[in-house]
Amino acid sequence: MNKLAFKNCLLIVTGSIAAYKTPDIVRRMRDEGAEVRVVLTSAASEFVTPLVLQAVSGNEVRQDLFDQKAEAGMGHIELARWADAIVIAPASADYIAKLSKGAADDLSTAICRASEAPILIAPAMNLQMWENSFTKEALDSLMKKGVCVCGPDSGSQACGEVGLGRLVEAEVLLESIANLFNAGSMAQIRVMVTAGPTREYIDPVRYLTNQSSGKMGYALARAACEAGANVILISGPTNLEPPKGVGVEYISSASEMESSVVNNIRDIDIFIACAAVSDYRPEIESSQKIKKSASTFSLKLIPNKDILSGVAGLTNAPFTVGFAAETEKLERYAKDKMTKKGIDMIAANLVDNDGTGFNSDDNELTVFWRDKSRILEKQSKEKLARKLVTLISKVYRESL
Ligand code: CTP
């Protein structure tokens, strides 16, 4: 798989002569599968034009915090939420100093302030500026805040000096961007995900099921794995390819899903119940095909065990995340469900006809935990899953 597949990368270009190299960097990021959006500082636009970066990124380049038209499209807060990673390359001495002081007075610094995405800085400046104690102190303080730094390289510089201060080569920068994800918010964490529908057999050829495609659960398993987790996926019947690097157990009925969860739950840190588990099953499963006889036919159903509640009730229960699909009163019903099941977090969506939810490629979620909530806007289930995984790992770590 490409190193940056499905990743949303925001590239901030600042005022350094090395800005002329950024069209090539954008092209390579896209070759690695990233969706790239570019923000130019006003100093950067002296070295590279927005038109070139728009052409290579395939997206409008943003420059101004107070651009009404652009803010009406993807505004700075949306950009901050959209980004899976923020790459500042080249990062000038002035920009590094500004960022370390917590400035938020232009578009790019406001985005950095508003985003929870990891930030990677690739400094590029004259040797003396690089060696100046202001630069070192600024970088130290940024690194203490979790900002990653790549480079600079050594070599001949545009100003005629030779030494440290050159922007790193594109391959090195790409490797460092990929490492932002490998370091992973879920490194060392063991995750179990349930996904897909269940089948409750009436006889050997008939069953009760639902519309779940399993896409969201599979996307979550993949996203957790990419974030460094050790993942087991308990899956009902789907047409999906198992995600690479994830252990999968296939089951059919709710009872089988329950047994599989119970057998594998030991040592799990986070349990994500994404499956659409049938609440009921036929009291009797006929061993032979049921023949037509009377003009009406009744089926007596009995309840299945609630798998999620069962896990939440275990002594030393893992951190538990449930899903709720509602047609109305989303917040109330979702929060009631969280309390009733005794779980830590719930991701809720409204089931309607706009192409979100069951069986579709996109979804939109409102996530509730403790007295907090967060809206994860409509986007592909792959992207949504990565955002949800980041949020789950953050709340999970806070709970420890
Ligand atoms: N769940 C489960 N085991 C069940 C039923 C549901 O683990 N037997 C989990 C689902 O995976 C999901 C959450 O519980 O995380 C959904 O709760 P549920 O009570 O099933 O929601 P609904 O079926 O939508 O409930 P209701 O019909 O009452 O709205």
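Which element gives the most to the lining of the largest cavity? The tour reaches that stop last.

The model is predicted: local features need pLDDT of at least 70, side-chain atom pairs count only at pLDDT 80 or more, and totals for chains, interfaces and linings use all residues. Residues are numbered from 1 along each chain as its sequence is written, and side-chain values use heavy atoms, with hydrogens and water left out.

**Stop 1: β1**

Select residues 8-13, strand β1. Strands (E, at least two residues) and helices (H or I, at least four) are DSSP runs numbered from the N terminus. Six of the six residues of β1 are buried, where buried means under 20% relative accessible area with a 1.4 Å probe and protein chains only. Show the side chains: N8, L10 and I12 point one way, and C9, L11 and V13 the other. In a regular strand the side chains alternate between the two faces of the sheet.

**Stop 2: the partners of β1**

Two strands count as paired if DSSP finds at least two bridges between them. V13 stands opposite L40 in β2. Between β1 and β2 the chain passes through helix α1 (residues 22-31), and this β-α-β crossover is right-handed: with the strands pointing away from the viewer, the path from the first strand over the helix to the second runs clockwise.

Next select residues 85-91, strand β3, which is parallel to β1 over four bridges. Here the bridge partner of L11 is V87.

**Stop 3: the eight-stranded sheet**

Select the strands of the open, mixed sheet in the order β12-β11-β8-β13-β16-β17-β18-β19. At its edges are β12 (247-250) and β19 (372-380), each pairing on one side only. Within this sheet, zoom to β13 (residues 270-273) and β16 (residues 319-326), a parallel pair with four bridges. A273 has G322 in β16 as its bridge partner.

**Stop 4: the cavity**

A search of the whole structure finds one cavity of 30 Å³ or more. A cavity is a set of points on a 1 Å grid over the protein atoms alone where a 1.4 Å probe fits but cannot get out; lining residues have an atom within 4 Å of a point. About 40 Å³ of space lies in the largest cavity, the volume being the space filled by probe spheres set on the points.

Select F6, A219, R222, A223, E226, E382 and R386, which form the lining. Two or more lining residues come from each of α10 (215-226) and α14 (381-399). The opening question is settled here: α10 gives the most, with four residues.

Note on methods: Buried < 20%, exposed > 50% of the residue type's maximum accessible area, 1.4 Å probe, protein only. 1 Å grid on protein atoms, 1.4 Å probe; cavity = no way out; pocket = protein on both sides within 12 Å on 5 of 7 lines; lining within 4 Å.
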